[in-house]
Each structure stands twice: as structure tokens, then as C-alpha cells.
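Trainee: Could you take me through how helix packing is read from a model, step by step?
Mentor: Gladly; let us look at the structure together.

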Amino acid sequence: MKSVAVIPMDIHKKFSKAVVMDDEAGIIEEERVGHKDHQEMQEFFGQIDEMTYYKALGQAQPLLVWSLDHKDVRQGFRVGSAWSLPWAMKRDELVTLYARLLPQETDGEVAQALVSGLSSVNTEASGQALAAAYAGAQEPDIRARIVKALAASTSSSADPVLMQALGDADPKVRVVATE
């Protein structure tokens with residue numbers, strides 16, 4: 001084993017699920033870490049220092065991008081890749097990548113991470129990418145996630161999509177558009 005990286009797999013308000021992976025994307029350890037339990041967080045995430053973590057993400061960037069392009073890769077790894085890339089890529093490169101990936105993504109958890117990544121950038125380009133993804137998204141859950149992200153966006157592309165979502169064929173999307 002040449003290197004290890006702690007990769008967040010699922011981030012929630014009260015806890016995060018993370019894994020320690022080796023350089024061949026093998027899971028060494030998996031942990032559900034409560035955010036209020038600072039000692040537990042320090043012990044788990046303290047396995048490697050911050051610079052090693054970001055260096056490992058940077059070195060893993062081609063693998064993480066590749067995994068998102070290949071739907072036959074284990075779902076958990078694809079989700080972790082989508083959540084991790086915002087920490088390893090320049091914002092404009094991330095928007096370009098996620099804008100390409102999101103319209104064709106059918107896995108809800110991967111799509112959520114892609115939407116979150118685009119939403120966190122909150123630029124005109126990321127708003128345009130979310131708007132374009134809404135137009136192409138087949139899955140109602142994914143359209144609903146995009147609508148929720150656009151509602152918080154400062155992009156001028158948000159309002160037309162939010163208006164369109166009020167008439168979406170799926171009731172869940174319509175409800176999210178009214179919130």
C-alpha cells in the first residue's frame with residue numbers, strides 16, 4: 001500500500017460516513033462519525049494529516065473522475081468520488097465536469113452529490129449547468145434535487161426553471177418548486 005485517503009461517503013447534519021481507502025480504492029476501514037463527538041472525529045480523521053488528505057485527493061482525481069464516467073463501478077465509490085472532487089478540482093473545471101455528468105446520471109445518491117457540488121460553487125455557470133441538467137433529467141427525484149438547489153442559487157438561470165418546475169409532471173417536483 002503506497003498511500004491512504006479518508007474519503008467522505010455520506011455527509012449529513014448530525015453524522016458523516018467515511019472510509020479509509022488504499023491506493024487501489026480498497027476499503028480499509030468504514031466508520032459512521034457523529035459530528036458532535038469531536039474525540040471520535042479526531043481519532044478517525046486524524047489517521048492522516050490534512051496535507052496528506054488533500055494530496056491523496058489530488059493524486060486520486062483521475063480515478064475519481066473515471067469512476068463517475070463508469071456506472072459499473074461500485075455505487076459507494078462513485079458517491080464518494082462525487083462528494084470528494086469539489087475538494088480536489090478548480091471550480092471552473094468542476095462545473096464543466098459536473099455539467100457533463102449530471103444530465104445523464106440516474107443514481108440518486110450520485111446525482112445528489114453532483115447537484116451539491118454545483119450548488120456549492122454558486123456561480124452563473126453552475127446555475128446554467130443545473131438548469132440544463134433539469135431539462136435533461138428523466139428521474140423526478142433528481143429534478144426535485146436540482147430545483148431545490150436552484151431555489152438557493154443566485155444564478156439568473158434559476159427563475160425560469162423554478163417557474164417551469166411548478167408545472168412539472170411529477171407532484172414531488174411541483175411541491176419542491178413551491179417551497
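Mentor: The crossing of H5 and H7 is right-handed, where a crossing is right-handed if the near helix is turned clockwise from the far one by less than a right angle, and left-handed if anticlockwise. This is a predicted model, in which local features need pLDDT of at least 70 and side-chain atom pairs count only at pLDDT 80 or more, while totals for chains, interfaces and linings use all residues. Residues are numbered from 1 along each chain as its sequence is written, and side-chain values use heavy atoms, with hydrogens and water left out.

Trainee: At what angle do the axes of H5 and H7 cross?
Mentor: Two packed helices are described by the angle between their axes and the distance between the axes. Here the axes of H5 and H7 cross at roughly 15° and come within 10 Å, which makes H5 roughly parallel to H7, given that angles under 35 degrees count as roughly parallel and over 145 as roughly antiparallel.

Trainee: Which residues of H5 and H7 meet?
Mentor: From H5, Gly-108, Glu-109, Ala-111, Gln-112, Val-115 and Ser-119 meet Ile-142, Arg-145, Ile-146 and Ala-149 of H7, contact meaning heavy atoms within 4.5 Å.

Trainee: How do H6 and H7 cross, left-handed or right-handed?
Mentor: H6 passes H7 in a left-handed crossing. The axes of H6 (residues 124-136) and H7 (residues 140-151) come within 9 Å and cross at roughly 150°, and that makes H6 roughly antiparallel to H7. Gly-127, Leu-130, Ala-131, Ala-133 and Tyr-134 of H6 make the contact with Arg-143, Ile-146, Val-147, Ala-149 and Leu-150 of H7.

Trainee: Which residues touch the most other members of the largest nonpolar core?
Mentor: In soluble globular proteins, nonpolar side chains tend to be buried together. In this model the largest nonpolar core has 42 residues, of which Leu-85, Tyr-98, Leu-102 and Ile-146 touch the most other members; H5 gives the most to this core, with seven residues. Not counting residues up to four places away in sequence, Ile-146 touches Leu-102, Val-115, Leu-130, Ala-133, Tyr-134 and Ala-137.

Trainee: Is Ser-81 buried or exposed?
Mentor: Ser-81, which lies in helix H3, counts as buried at 0% relative accessibility, where buried means under 20% relative accessible area, exposed over 50%, and partly exposed in between, for a 1.4 Å probe and protein chains only. Leaving aside neighbours within four places in sequence, Ser-81 is in contact with Leu-64, Ser-67, Leu-68 and Tyr-98.

Note on methods. Axes are lines fitted to C-alpha atoms, for helices over the stretch in contact, and angles run from 0 to 180 degrees between N-to-C directions. Helices (H or I, at least four residues) and strands (E, at least two) are DSSP runs, numbered from the N terminus. Angles under 35 degrees count as roughly parallel, over 145 as roughly antiparallel, 65 to 115 as roughly perpendicular and the rest as oblique. A nonpolar core is a set of buried Ala, Val, Leu, Ile, Met, Phe, Trp, Tyr and Cys residues joined through side-chain atoms within 4.5 Å.
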